[in-house]
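Morning, everyone. Let me put this one up on the screen, and then I'll walk you through a few spots in it.

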Amino acid sequence: MRILLTALSFAISSPAFAALNILACEPEWGALAKEIGGDRVTVYTATTALQDPHRIEARPSLIARARSADLMVCTGAELEIGWAPLLQTQSGNPKIQAGQPGYFEAASVVALLEKPTRLDRSMGDIHAAGNPHIHLDPRNIARVSAALSERMATLDRADTRYYEDREKSFLQRWSDATARWEKQGAPLKGMPLVVYHKNFTYLINWLGMREVGALEPKPGLPPSTAHLGELLDQLKREPAKAVVRAAYNEPRAAEWLAERAKIPAVMVPFTVGGTDNAKDLFTLYDDTLTRLLAVAK
Amino acid sequence: MFRSMWCAMALAVAVVPAYGQDVREELRQLQQRIQQLEKRLQETENVAAQASARPAGENAFNPAVSLILQGTAARSSLDPNTYQITGFAPTGGEVGPARRGLSLGESELVVAANIDPYFRGQLVASLTPEDTVEVEEAFFQTLGLGKGFTIKGGRFLSSIGYQNQIHSHAWDFQDAPLAYKAFLGGRLNDDGVQLRWVAPTDLLVELGTELGQGRTFPGTAPNKNGTGLWTAFAHAGGDIGASTAWRTGLSYLRTSPQDRAIDDVGALGTQSFTGRSNLWIADFILKWAPGGNPTLTNFKLQGEYFRRKESGDLNFNNVNSGDYSSRQSGWYLQGVYQFMPQWRVGYRRDQLDHGTVSNGIGLTSADSPLLLTDYNPKRNTLMVDWSPSEFSRIRLQLASDKSRFGMTDNQVLLQYIYSLGAHGAHTF
């Protein structure tokens with residue numbers, strides 16, 4: 001009997017050497033959780049870089065993953081408002097409910113930009129807390145990594161030192177890389193850009209670039225011919241260097257405008273997995289800078 | 001800014017070594033002060049970040065409120081007030097097609113919030129165009145049971161089938177499938193409790209059961225202790241690659257209606273049914289979008305099959321039949337395709353099978369045309385809708401409805417659906 005019980009407990013615990021089961025809402029937080037958690041965590045990422053994080057559905061597979069998650073790492077600031085609450089209420093998992101240590105919102109430790117002064121849906125799909133696309137400023141990643149490693153240590157006390165050490169090592173490499181990117185990105189300062197959606201605000205703010213227009217007439221609405229026409233007229237008066245879109249934004253509108261305004265259209269990975277080169281957080285920034293510098297000249 | 005100051009200072013140090021010790025000492029102090037300032041700035045930034053995440057004021061605890069506005073402009077070749085589905089009992093009211101002409105649909109008011117760390121509550125009140133208020137849903141549900149268990153209690157849309165728990169404003173067609181009308185009177189939202197369990201597997205496996213009053217069709221709200229209806233359901237679902245997600249389910253409903261009136265103006269007497277009603281539903285839904293990104297194009301295929309067995313007494317003009325029994329079935333299959341942003345087209349095929357109905361007292365379709373006419377109702381529906389944003393939708397729907405024996409009802413309608421307020425989360 002005892003042998004059976006031992007065997008049973010081994011069977012239950014053995015596949016899970018990992019102490020923490022993490023459900024990451026977006027690829028950037030999945031990558032960060034892996035940097036800090038190493039082999040003590042298993043990470044499932046709910047979305048890919050080719051999906052629009054606003055437009056995800058609470059698919060059966062996500063409810064199943066939420067059921068056994070110890071920690072759910074999301075952006076917050078209403079980015080996942082259309083689906084994450086359903087994962088919480090339908091999974092029957094008390095650990096990942098809002099307010100519990102098992103629910104982590106990256107935006108809660110970062111000062112958000114573009115906080116709307118007026119909340120009205122006539123402005124499009126705006127977020128009351130501010131722009132939620134925080135991960136393209138490396139200083140935000142550093143802030144989130146500190147808070148996330150603390151949270152992981154809270155949930156898995158036994159591995160506290162392990163998470164602390166990995167976070168420290170990550171932060172060291174990250175600040176070196178940030179300094180390198182800032183140097184590399186110097187020629188981008190002041191560069192005027194047209195974006196697809198307002199999801200590059202933090203990148204633009206960090207590198208000192210300028211956003212002179214967006215293909216979406218209002219956040220969340222698809223580009224319309226009328227709006228693209230206006231944008232083209234505006235670009236004739238005040239030219240931009242490039243039209244930038246995320247890997248998940250459809251290419252046609254960006255290419256249409258770029259061709260007529262005679263400026264390049266640039267696709268950047270936006271998050272980990274958006275391009276073949278963007279394999280982790282470091283290469284995400286490397287690839288983003290390479291692609292932007294190619295059109296900066 | 002600080003970097004340029006540093007440069008200036010470095011320059012100053014390089015250029016003015018001659019000024020010697022005093023200047024260096026001053027610079028050192030200045031450096032210290034700047035470091036202190038930088039530290040304070042960082043602290044302030046952190047505090048600001050913290051503060052930004054914390055809304056102030058008593059009303060910050062207000063629940064999420066949203067409001068759905070709906071309305072239709074409809075044309076139909078047959079009078080919706082005399083609507084019936086030949087061979088099946090529910091008639092008029094909720095199951096009928098939209099009113100002719102311009103009319104307001106149901107306005108839904110949704111109020112929801114977490115009650116405390118253990119419970120969540122939600123109310124969906126429907127303000128009907130007849131100036132009444134109906135409670136569509138008013139339930140609590142647990143958040144903290146753990147092990148994948150959730151208990152829901154109150155009035156709620158039952159989890160049987162697929163479309164049953166989708167709110168009408170999120171349907172892909174303006175009206176419910178014929179099978180829902182014939183077997184559930186439109187939908188099932190009973191008063192009761194639900195226990196649901198999600199298995200700890202990567203594939204979604206969900207099992208559940210509900211105990212209810214049986215207050216609406218197919219039940220009759222019996223005045224008795226205990227429960228009048230119970231259901232059981234099992235769902236499984238997952239992904240096929242990044243592009244496709246699916247869910248399938250099997251559900252069972254059992255209730256014991258008492259003197260369930262059969263409202264048939266063509267019948268030669270009053271009729272009612274007392275007995276046992278068993279309903280099985282098999283359902284599936286499949287959603288496809290290239291790479292899992294539905295922004296440009298996506299496709300949705302959905303179908304359900306219903307099978308019902310009823311047995312008991314048919315009371316016809318106060319004569320009890322003793323051994324009435326019926327075996328009937330029905331299904332629908334629908335596909336909705338978004339061919340470009342904001343635009344979707346959809347087609348739905350409905351069919352009911354009259355099956356076998358034996359009444360035990362030799363009644364014929366002349367006595368009870370609604371119940372006993374051997375006829376298989378059918379309907380074809382086409383729709384196209386335009387959604388300027390995710391909060392608004394305008395739909396054109398055409399239907400050829402052969403619910404009534406020997407008659408075709410051609411329907412055209414234009415519908416609007418607007419949602420205001422809190423951004424709702426829709427179930428898969």
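Okay, start with the disulfide: A:Cys25 is joined to A:Cys74, S to S 2.0 Å. A disulfide here is a pair of cysteine sulfur atoms within 2.5 Å, and by that rule there's one over all chains. A:Cys25 sits in the loop between β1 (20–24) and α2 of chain A, while A:Cys74 is in strand β3 (residues 71–74) of chain A, so the pair ties together parts 49 residues apart in sequence. Both A:Cys25 and A:Cys74 are buried, meaning under 20% relative accessible area with a 1.4 Å probe, protein chains only.

Quick housekeeping. This is a predicted model, where local features need pLDDT of at least 70 and side-chain atom pairs count only at pLDDT 80 or more, while totals for chains, interfaces and linings use all residues. Residues are numbered from 1 along each chain as its sequence is written, chains are lettered from A and ligands numbered from 1 in the order in which they are written, and side-chain values use heavy atoms, with hydrogens and water left out. Helices (H or I, at least four residues) and strands (E, at least two) are DSSP runs, numbered from the N terminus.

Now the sheet in chain A. Four strands make an open, parallel sheet, in the order β6-β5-β7-β8; strands pair if DSSP finds at least two bridges between them. β6 (210–214) and β8 (265–268) of chain A are at the edges with a single partner strand each, so one side of each has no neighbour in the sheet. Strand β7 (residues 242–246) of chain A and β8(A) share four bridges, and A:Arg245 has A:Met267 as its partner in β8(A).

Over in chain B, strands β8 (residues 204–212) and β9 (residues 229–240) pair antiparallel over nine bridges. Then 12 bridges join β9(B) to β10 (residues 244–255) of chain B, also antiparallel. Follow B:Ala236 across: B:Val205 has B:Ala236 as its bridge partner in β9(B), and B:Ala236 has B:Thr248 in β10(B).

Last, how do the two chains meet, and how many residues does each put in? The contact (heavy atoms within 4.5 Å) takes 41 residues from chain A and 55 residues from chain B. Together they bury about 3600 Å², 53% of it on carbon and sulfur atoms; that's the accessible area (1.4 Å probe) the two parts lose on being put together, summed over both. A:Pro60, A:Arg67 and A:Arg121 supply 17% of what chain A buries against chain B, more than any other three residues.

How values were computed:
Buried < 20%, exposed > 50% of the residue type's maximum accessible area, 1.4 Å probe, protein only.
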